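The following note sets out points for a colleague who wishes to read this structure closely.

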Amino acid sequence: ETSATLAEFDGNGTTADGHLVPLLANVGGAKDAVAAAALGAQGVGLFRTEFCFLERDTEPSVDEQAAAYKAVFDAFPGKKVVLRTLDAGADKPLPFLTDATEPNPALGVRGYRTDFTTPGVLERQLEAIARAASESEADVWVMAPMISTAAEAGRFASLCAAAGIQTPGVMVEVPSAALTAATVLREVGFASLGTNDLTQYAMAADRQLGPLAELNTPWQPAVLRLVQLTVEGAEQESSGREGTAKPVGVCGEAAADPALAVVLTGLGVTTLSMTARSLAAVGTVLKTVTLEQAQELAQLALSAPSALEARDWVRAKLPVLEELG
Ligand code: PEP
Ligand code: MG
């Protein structure tokens, strides 16, 4: 009998049969991080570092950056904090990195690509991250946004190594990275699916446009298939080596939808990172299904002819959602 309430959520992500799916928070700075820790986040799955510097029109110094990063790390001593290097461009312009006159900013020089046009900024950011990490007790992982090829992943890993960072990873938010996940993951230690951009690029639908909202949902079976391909790529990359597959988390808004979080778990993602206020609902719903049931719901969603049906079919099998309202 499952009569779950949000009050019962203990902060730990697990299915009914004890399969662990750590629930992490998306944060933009120290204030968010402190609030997320208080709401039971088991760590940070996405620290959007560009949020620290949105007001700036010049590059922040290494000292200034190190202080901003350390303030987030210090909210999670002994816990995992996944920091994302500056994701400037498109919906988040930074004057010292991006060109506001680009005709198609979402397809332009954004995220990792700003290293093509403004070399040095990424190296200095990695130096600041390494320094802040060495002065804190958090388990710091570092990932690059908008990686499209294995070569980019490899170059990012080299830059991390040169800065003394041993835990490089990539966001998988461009369909090409999902489709080549095995070779991308050969270069780095982990991946985190950015379902907001992955959906935008898979559906060719600007994430900022209201009239395209029906296209622009991670419930689209095409998007779920890209998630599945990424997990399969990670498994393929690790086969023949000892140990388990490299971790593939989700840090897009999809992880904050409790029904979709169940589907993502069934697809094999290893962590779910979300806005902290969704942690309790996601944790509560996850506890009502076994891993096998989550896998069945993932198959159901993948087989749906539309995003609307995928969502309705899955939601109909999760009665706990009604109790949560
Ligand atoms: C994403 O694209 O899903 C993501 C998590 O990053 P952002 O929303 O910051 O682009
Ligand atoms: Mg993104």
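**Notes on the predicted model**

1. Helix α10 (residues 258-267) packs against helix α12 (residues 291-303) at an angle of about 100°, and their axes lie 7 Å apart. With that angle, α10 is roughly perpendicular to α12. On the α10 side the contact is made by V262, V263, T265, G266 and L267, and on the α12 side by A294, Q295, L297, A298 and A301. Sorted by class, the contact of α10 with α12 comprises seven nonpolar and three polar residues, with no charged residues. It should be kept in mind that this is a predicted model.

2. How many residues of α10 are buried? Ten of the ten are, so the helix is largely enclosed by the rest of the structure. The buried residues run from P258, A259, L260, A261 and V262 through V263, L264, T265, G266 and L267. Just after α10, G268 adopts a positive phi of about 105°.

3. The largest nonpolar core contains 98 residues. Those with the most contacts inside this core are V44, I147, V170, V263, L264 and L272. For V170, leaving aside neighbours within four places in sequence, the contacts are M143, A144, I147, A153, F156, A177, V184, V188 and A191.

4. Two residues deserve a check of the backbone. Most residues other than glycine have a negative phi. A90, although not a glycine, has a positive phi of about 55°. A90 is found in the loop between β3 (80-84) and α3 (114-117). Phi of A204 is also positive, near 50°, in a residue other than glycine. The loop between α8 and α9 (221-238) holds A204.

5. Are A90 and A204 buried or exposed? A90 is buried, because 22 other C-beta atoms lie within 10 Å, and the cut-off for burial is 20 or more. A204 counts as exposed, with 9 C-beta neighbours inside 10 Å, the limit for that class being 12 or fewer.

Conventions:
Residues are numbered from 1 along each chain as its sequence is written. Chains are lettered from A and ligands numbered from 1 in the order in which they are written. This is a predicted model: local features need pLDDT of at least 70, side-chain atom pairs count only at pLDDT 80 or more; totals for chains, interfaces and linings use all residues. Axes are lines fitted to C-alpha atoms, for helices over the stretch in contact, and angles run from 0 to 180 degrees between N-to-C directions. Helices (H or I, at least four residues) and strands (E, at least two) are DSSP runs, numbered from the N terminus. Angles under 35 degrees count as roughly parallel, over 145 as roughly antiparallel, 65 to 115 as roughly perpendicular and the rest as oblique. Two residues are in contact if their C-beta atoms, placed from the backbone, lie within 7 Å. Ala, Val, Leu, Ile, Met, Phe, Trp, Tyr, Cys and Pro count as nonpolar, Asp, Glu, Lys and Arg as charged, and the others, Gly among them, as polar. A nonpolar core is a set of buried Ala, Val, Leu, Ile, Met, Phe, Trp, Tyr and Cys residues joined through C-beta atoms within 7 Å.
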